[in-house]
Every structure is written in C-alpha cells, then in structure tokens.
Amino acid sequence: MTSLSQSNSLRGRVRGGDNSPLSMAFLFLLWFSVFFAFVFLLTLIVTTWIDGAARLDLRMFTEFPSSAPEDAGARPAILGSLMVISVTALFTLPLGIAAGIHLEEFANRRNWFNRAIELNVQNLAAVPSIVYGLLTLGALTAMGVRDKNIVIAGAMALSLLILPVVIIVTRESLRAVPLEIREGSLALGATPLQTLFRQTLPSAVPGIATGSILALSRALGEAAPLLILGALVFVSFDPNGLFSGYTTLPIQIFNWTGRPQEEFHVLAAATSIVLLGLLLAMNSIAITIRNRFQQRW
Amino acid sequence: MATNNVKKSDQKSGTKKSAETTVRIVTADHGPVSEIVIPALECQDVDVFYGSFRAVSDVNMAFGKNEITALIGPSGCGKSTLLRSLNRMNDLVDGARVTGSVTFHGENIYAPEVDAIEVRRRIGMVFQKPNPFPKSIYDNVAYGPRVIGMKPDNMDDLVEEALTQAALWDEVKDKLKQTAFGLSGGQQQRLCIARTIAVKPDIILMDEPCSALDPIATKRIEDLMLELTKDYTIVIVTHNMQQAARVADRTAFFTALPDETTGNRTGVLVEFDRTSEIFTNPKDVRTEDYISGRFG
C-alpha cells in the first residue's frame with residue numbers, strides 16, 4: 001500500500017502535480033486563459049461563416065464591386081491584396097534580411113551607433129501601423145507624388161511596417177546557428193562571406209522564411225496605412241501595375257461593413273472568410289517550412 | 001597595428017613596466033627553445049589582450065616541426081587563448097588583439113600584409129566540441145577544399161585520403177552521403193580532423209579535442225595524433241595531464257598570475273621542456289605542484 005501511494009505521488013510530481021490550493025488556482029487560471037482564447041477564435045470563425053457563407057460563391061471571385069449587392073464581388077480586392085503583398089515582399093525581404101545579416105554577423109556590437117540602431121529596430125517593431133501610413137504619405141508628398149493611392153505607395157507603407165520584424169527574425173535565426181559552425185568554417189580558410197553564404201545563412205533560412213511569411217500575413221490584414229494613403233474603396237477595374245489604383249481585402253471589408261444594406265454586410269462577412277483563408281494558407285506554409293527544414297543542433 | 005599597440009603599452013607608465021619585468025623574471029628560464037631543430041611556428045613576446053585586459057603575457061616559445069606540443073595548465077591560464085592566437089582565430093573576437101610576433105615560414109602572421117584567411121588555411125584548428133557542418137560526411141570533408149578553391153583532379157580521392165588519414169574511412173565509406181550528425185561523438189571529432197587535413201595545412205591546432213569523448217574514443221584520437229606527426233605539426237591544449245604525457249614530445253606549463261598594477265590575472269608560460277623532463281624533473285615548483293595534483 002505504501003509503495004503504491006509512493007509511486008502515485010511520484011507520478012504526480014513528474015507531471016508537475018503540486019496539489020496546494022494556490023497552484024490549483026493558478027492551473028485553473030491557465031486553463032481558463034486557453035479556453036477563453038479558443039472560444040473567442042471559434043466564435044469569430046463560426047459567426048463569420050454563418051453570416052457570410054451564403055455569398056461565398058464564384059461571384060465573390062469574379063465580379064467587381066457594384067451598387068447592386070447581388071452582382072457585387074471582391075475580385076479587385078483579392079487581386080489588389082495579392083499584388084500589394086507581393087510588392088511588399090519584394091521591397092522588404094532583400095532589405096530586411098540584408099540589414100539583419102549586417103547587424104548580426106558584421107556590425108561591431110561595441111560601437112554605440114550600432115547599439116542605437118539595434119535598440120531602435122526593436123522599438124520600430126512596436127510602432128502602430130497608422131504612423132507608417134502617415135510617414136509614407138509625408139514622404140510621397142515631399143517627393144511631389146500627387147496620386148498616392150497606387151500599389152507601390154501602399155507596398156512602401158507596408159514594407160516600413162514589417163521591415164523591423166523581418167530584421168529581428170533574421171537576426172534571431174542567425175543567432176540560433178551555433179558559433180562553432182562559423183568557427184569550423186573559418187578555421188578551414190573560408191572567408192567570412194563564404195561562411196555566411198555556405199553555412200550560416202542556409203541554416204537560418206527556415207527561420208527567416210517562417211518569420212517573414214508571418215510578417216507578410218500581418219501586412220496582408222492591414223487597412224489603416226492604406227486608407228491614409230487614399231486607397232480606393234470602390235474599384236471597378238483590376239490593378240494592372242505598380243502605379244495602378246487598387247483596393248485590398250481589409251479595405252473592401254471596411255467599405256461594405258459601412259453600407260446600410262444588410263446584403264453588403266453578408267458580402268463583408270464572405271470577404272472576411274476569404275481573407276482568413278488566405279492568412280491561414282500563408283501561416284500553414286510558414287509552419288510547414290519550419291517543421292520540414294528547421295535544423296536542430 | 002601590432003607595433004602601435006606595443007608602443008602604447010610601453011608609454012603607459014613606469015608601474016606597468018615593473019609589472020612586465022616581474023612577469024619576465026617568472027618566465028625567464030622556460031626554454032630549451034634552441035633545442036628545437038626546425039621550428040614550425042615561433043612566438044616572440046606574445047601578449048594577447050581582450051580590450052584592456054591582458055589574457056596572456058610575454059610568451060616566448062617555439063613549436064617543433066612534426067612534433068606534438070602540449071599546452072597544459074589550470075583553467076583561465078590563457079592556454080586556449082594563446083592557441084587561438086596562433087592561427088588568428090582570435091581576430092573574430094571583438095576587442096581581441098595580439099602584440100609581439102608569431103613567426104610562420106619566416107613571416108609574422110600578424111604583419112599587416114598577411115591575410116588572416118590564408119593563415120587559417122595553413123594552420124588548421126580542431127575544436128573542443130565536435131562541430132561537423134549540417135551536411136553529409138562527404139560534403140563536410142570536401143567543404144574546405146571547395147571554399148579555398150583547391151582544384152583536385154578528383155575530389156572523391158581527396159575525401160577518401162583525408163578520411164583514411166583520420167582513421168575514419170572504413171567506418172564511413174558506405175555512408176558518405178549521410179548526414180554527419182548520425183556519427184558518434186568520437187567519429188564526429190575524427191571527421192573534423194579529416195576536414196582539417198583535407199585542406200592540407202602545415203600545422204593543426206587542437207583545443208581540448210578529447211574533452212567531450214569517452215576513453216576509447218580518446219585513445220583513437222591520440223593514436224591518430226601520433227600517426228599524423230608524420231605529415232603535420234600538432235599543438236594541443238589539454239586538461240588531461242596523462243594525455244600530454246602520452247602524446248606530446250614537448251609540454252608547456254602555463255599558469256595565471258596577478259598583474260601587479262591591475263590585479264587582473266594574466267596567463268604566463270612557466271616552463272617549457274621535453275615532456276619527459278616536465279613530468280619527471282620539473283624545474284619550477286609550480287609545475288611540480290600542478291603535475292603532482294597539489295594545485296589546479
């Protein structure tokens with residue numbers, strides 16, 4: 001009997017089983033937090049689905065917005081979102097990854113200037129998106145650009161928004177590569193650049209890709225900086241270039257939600273499902289990359 | 001750069017100078033340096049600094065060609081620091097600098113016109129923890145020759161030769177394309193040695209190469225080291241005195257002494273001699289205390 005109770009108590013301890021009231025209360029609090037978050041997400045998805053499923057049909061993908069709800073679709077918004085996010089990726093990834101590599105691998109950390117940059121990159125990651133919209137607006141005005149509701153301007157604002165995030169994930173992925181790998185390469189007579197491109201960076205790519213995709217999906221859901229730049233809310237044409245007018249999914253949702261007719265609210269819900277689907281797809285790709293290619297040391 | 005630093009430390013103050021003198025007295029009778037017939041590498045007045053902290057002071061010694069030289073001493077005595085300054089691996093540490101000269105093939109490797117990359121190619125290094133690259137066994141060995149632009153007639157032969165010299169070929173010849181992480185710790189360390197041999201260096205520096213290995217794997221590495229002296233000069237840092245006694249032709253004993261001006265401990269060479277002399281007839285009482293286990 002004693003041995004049995006002993007083994008039970010041991011098992012309890014191994015599982016972290018401390019039975020005091022305080023720890024039980026804490027455990028309950030943790031469960032409640034998880035439950036709360038989960039219920040919140042589930043409610044969102046279910047209600048959106050119930051509201052929007054009726055209009056989640058082919059028209060959503062093929063039709064332009066219209067004053068007649070039964071003819072309206074989000075085609076330009078879907079194309080606009082994809083286009084803006086692609087251009088954002090083109091701007092951000094080379095710049096952000098290069099900056100991250102420089103700060104992590106080459107910059108002298110004892111230099112106050114580099115330390116100041118490091119600190120500021122961290123702070124910039126926390127700046128609200130609307131501020132980047134205003135910054136882009138100001139910059140374009142100073143440059144004398146009159147039409148700011150163009151794809152390239154939106155992509156610039158979103159790039160500024162996620163650039164700090166990309167820099168930070170690049171640095172963290174590089175830092176996760178053990179110093180011994182760099183030393184092993186350098187001790188063979190490899191140059192620092194060879195070491196970077198043949199050892200450090202390939203090992204860090206899964207982390208960089210995952211983080212960058214997550215950053216891009218954040219940009220995909222942004223409406224505020226694009227609205228500041230005057231992104232169109234009613235677009236009856238496909239965006240066809242860097243200087244074309246455009247709308248994106250969040251803006252389209254914003255627009256339809258503001259209409260008085262109930263049918264447009266249904267459309268907004270259906271568009272939300274499309275946006276959620278797109279985000280889910282991107283995040284799945286990120287998780288797949290992480291699980292498939294992540295290097296364990 | 002190096003000469004500038006020397007000047008700076010000389011200019012500092014008279015007290016500093018007296019500290020240096022103390023250190024010099026301590027290390028005065030260390031060496032039958034002249035006894036080494038062909039030195040592969042020679043240290044003259046080598047000081048290693050991290051920022052303003054002097055980690056190693058005034059080392060004068062030579063490493064004989066095709067010999068194994070062991071660096072022993074308690075933790076923090078600067079032996080690993082010295083080892084890393086022999087192929088300019090210390091350059092990679094922010095704020096690290098070396099004064100004095102390390103002569104290799106008649107040239108100071110710290111001279112401004114000398115390329116650190118070339119130095120590291122000619123003086124290879126094996127680390128404490130086996131650090132294979134996340135690649136196949138074959139690619140681990142072929143990596144060095146590829147990056148330094150060696151154009152062997154046949155890379156396969158070069159890889160086989162290096163793995164054979166490192167006494168690993170028979171164990172891995174059927175799984176060259178498999179990841180190096182699948183090997184045991186001892187095999188990984190021999191792979192790292194093979195990788196170093198593949199670029200055909202003159203000297204191999206080993207920083208406690210067996211400290212992460214079991215006794216059997218250690219024995220294999222030691223046998224391998226003795227075998228490698230046919231073609232290479234080896235310098236090994238070890239915490240294991242028996243290991244030094246077993247493999248080294250010559251042994252240098254280092255210890256850490258407080259600097260008189262700053263009070264910071266700095267590594268000094270106490271005694272450098274034939275291994276048999278060091279272990280049976282040490283000249284310095286501190287060496288004797290250390291090897292007999294009374295200290296350290």
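Which strand of chain B is largely enclosed by the rest of the structure, and why? The strand is β10(B), residues 265–274: eight of its ten residues are buried, so the rest of the structure largely encloses it. The views below come from a predicted model, in which local features need pLDDT of at least 70, side-chain atom pairs count only at pLDDT 80 or more, and totals for chains, interfaces and linings use all residues. Residues are numbered from 1 along each chain as its sequence is written, while chains are lettered from A and ligands numbered from 1 in the order in which they are written.

**View 1. The sheet of chain B is open and has ten strands.** Its order is β5-β4-β1-β2-β10-β9-β3-β8-β7-β6, with mixed pairing. Strands here are DSSP runs of E with at least two residues, helices are runs of H or I with at least four, and both are numbered from the N terminus. Two strands pair if DSSP finds at least two bridges between them. β5 (107–108) and β6 of chain B are the edge strands, each pairing on one side only. Strand β1 (residues 39–50) meets strand β4 (residues 96–104) of chain B in the antiparallel sense, over seven bridges. Opposite Asp47(B) stands Thr99(B) of β4(B).

**View 2. Strand β10(B) pairs with β2(B) and with β9(B).** Buried means that 20 or more other C-beta atoms lie within 10 Å of a residue's own, exposed means 12 or fewer, and partly exposed lies in between; C-beta atoms are placed from the backbone. β2 (residues 53–64) of chain B runs parallel to β10(B), joined by two bridges. Ser57(B) faces Val268(B) there. β9 (residues 250–258) of chain B runs antiparallel to β10(B), with nine bridges. Leu257(B) has Thr266(B) as its bridge partner. β9(B) and β10(B) form a hairpin with six residues between them. In the turn, Gly263(B) has a positive phi of about 80°.

**View 3. Val285(B) is an exposed residue of helix α12(B).** The helix spans residues 285–291. Val285(B) counts as exposed because it has 10 C-beta neighbours inside 10 Å. Val270(B) is 15 residues away in sequence and 9.7 Å away in space, C-alpha to C-alpha.

**View 4. Helices α5(B) and α8(B) pack at an angle of about 30°.** Their axes are 7 Å apart. Axes are lines fitted to C-alpha atoms, for helices over the stretch in contact; angles run from 0 to 180 degrees between N-to-C directions. The two helices are therefore roughly parallel (under 35 degrees; over 145 is roughly antiparallel, 65 to 115 roughly perpendicular, the rest oblique). α5(B) contributes residues including Ile137(B), Val141(B) and Tyr143(B), and α8(B) residues including Leu191(B) and Arg195(B).

**View 5. Chains A and B touch through 18 residues from chain A and 22 residues from chain B.** Contact means C-beta atoms, placed from the backbone, within 7 Å. On chain B, α4 (116–122), β6 (123–126), α5 (137–147) and α8 (185–198) each supply at least two residues. α4(B) gives the largest share, four residues. Helix α8 (residues 179–186) of chain A has buried residues Arg182(A), Gly184(A), Ser185(A) and Leu186(A). These pack against α9 (192–220) of chain A together with α4 of chain B.

Key. Contact = placed C-beta atoms within 7 Å.
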